[in-house]
Amino acid sequence: MDVVGLSCQDRAWHSVIMKPHVKFAEPVLITTSEALAALCERLAAEPYVTVDTEFMRERTYYPELCVIQLGGVSDVAVIDAQAPNLDLAPLGALFANQGVVKVFHACRQDIEIFLLKFGVVPTPIFDTQVAAMVAGFGDQVGYDTLVSSLAGGSIDKAHRFSDWQARSLSPAQVTYAAADVTWLRLVYEALRDRLVREGRLDWVAEEAAILNEPGTYRTDPADAWRRLKLRGANRRQLALVQAIAAWREREAMRINIPRQRVIKDEQIPELAALAPGDAEGLTRVRGITRGFAEGKSGTALLSVIAAAKALPERDLPHLPRANDMIKPSPALVALLKVLLAERANANHVAARLIASGDDIDALAGEDAPDLPCLSGWRADVFGTDALRLKAGKIALAAKGRRVEVVELVG
């Protein structure tokens, strides 16, 4: 096809997307409520729709939605989510439509955005990254790899780090954004058909149940301290760390700025150790300015610290004692990891999807742990054999370049 007479946008679209064996609809930029409503009405009649977003989060706590991409049989739309007076309600209705599968790749951040926007998780969901892990493409396979492997296409990454808040959107940005949902249709169909043939579609459904749970995307400020690396804290210091981390999370949410711009991770243990009682004491923590210490945020932080310092001994959190902690045998952990790798390889499924490192530690250290890998398809693939390995009923043996499971007699 001669592209000389095409517009700038059409030429870009042709060069990035069009292949001899694939023909996609031309992308349309949607900026009005009427056009979005008409699009969603058409897509509501289809069995599935591919979805992606472009957002910015560098300067905010919550993601700032900039662009939404939708792909259907005859529609490829790039929705300007920041267009004046744009009513996104038809999109919310489409996402709530149980008759239309919403197809994403690595959907967690996209779902978080839509949960914030509409108050519910789009359902049903199909995540091609999860499906690819079930289908043997390894851990967290990239979208461009799937496009190449399953659809014979390629993705132009030139606008991966575009400023999606800048307006107006350029033809090249529209082209880039649209590519994410056009190729995704072919990737989805290839993975879906493969999983149906292999009888593994239910495996993906188990993972989708986690993605459908709103709690998956919500941060509880009371748990914010868990992401910190703590060393040598006593019970009082742990109480202070918990209180300060929870305050920081709530403050970041309130102001809508990244948590590290409130106070940094490394400042929290230092604050807990010093436990300052006034603004002057706050300024002794590296990186905390006098303006912060004497301002509204500093005053609020000092109140939180004072409350944690005043907690009675009986209300302080307990630190696990060394002799209470489960210490699995390193050799048994290593053996279980070898079994996991062998089972994952034999069944062509990503090891991380079967069991995490924490799961392996729990398997090695506990007699009857309650773990996902001991039920459902994971038990069939790995969990049952893991328990049999612990019980001395099977062993692992090297055979050439492979590891095999050996049945033991007696």
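Modeller: The peptide bond from Arg167 to Ser168 is cis, with omega near 10°. Keep in mind that this is a predicted model, where local features need pLDDT of at least 70 and side-chain atom pairs count only at pLDDT 80 or more, while totals for chains, interfaces and linings use all residues. Residues are numbered from 1 along each chain as its sequence is written, and side-chain values use heavy atoms, with hydrogens and water left out.

Colleague: And what about the bond from Thr123 to Pro124, cis or trans?

Modeller: Cis, with omega near -10°. Pro124 belongs to the loop between H4 and E6.

Colleague: Which way does phi go at Asn85, positive or negative?

Modeller: Positive, about 65°, although Asn85 is not a glycine. You'll find Asn85 in the loop between E4 and helix H3 (89-96).

Colleague: OK, on to the sheet. What is the order of the six strands?

Modeller: The order is E1-E4-E3-E2-E5-E6, an open sheet with mixed pairing (two strands pair if DSSP finds at least two bridges between them). Strand E1 (27-30) and strand E6 (125-127) are the edges, each pairing on one side only. On average, neighbouring strands are turned by 25° against each other, direction ignored (axes are lines fitted to C-alpha atoms, for helices over the stretch in contact, and angles run from 0 to 180 degrees between N-to-C directions).

Colleague: How many bridges join E1 to E4?

Modeller: Four, and the two strands run parallel, with E4 covering residues 76-80. Leu29 has Val78 of E4 as its bridge partner.

Colleague: Which strands does H7 lie across?

Modeller: H7 lies across E1, E2, strand E3 (64-71), E4, strand E5 (101-104) and E6, and runs at about 140° to E2. Contact here means heavy atoms within 4.5 Å.

Colleague: Now pockets. What volume does the largest one have?

Modeller: About 930 Å³. Grid points are joined across faces, edges and corners, and the volume is the space filled by probe spheres set on the points.

Colleague: Which residues lie nearest its centre?

Modeller: Asp52, Thr53, Glu54, Arg160 and Tyr176, out of 27 lining residues. Strand E2 (48-56), helix H4 (108-118), helix H6 (143-151) and helix H7 (171-198) each supply at least two residues, and E2 gives the most, with six. By class, the lining has 11 nonpolar, seven polar and nine charged residues.

Colleague: And the second largest pocket, how much space lies in that?

Modeller: About 510 Å³. There are 22 residues in its lining, with Arg108, Val130, Glu207, Arg352 and Leu353 nearest the centre. H8 provides the largest share of that lining, four residues.

Colleague: Last one: how do E7 and E8 run, parallel or antiparallel?

Modeller: Antiparallel, with six bridges joining E7 (residues 394-399) to E8 (residues 402-407). Lys399 has Arg402 of E8 as its bridge partner. The hairpin has two residues between the strands, and Gly400 takes a positive phi near 65° there.

Terms used:
On a 1 Å grid over the protein atoms alone, a cavity is a set of points where a 1.4 Å probe fits but cannot get out, and a pocket is an open set with protein on both sides within 12 Å along at least five of seven lines; lining residues have an atom within 4 Å of a point. Ala, Val, Leu, Ile, Met, Phe, Trp, Tyr, Cys and Pro count as nonpolar, Asp, Glu, Lys and Arg as charged, and the others, Gly among them, as polar.
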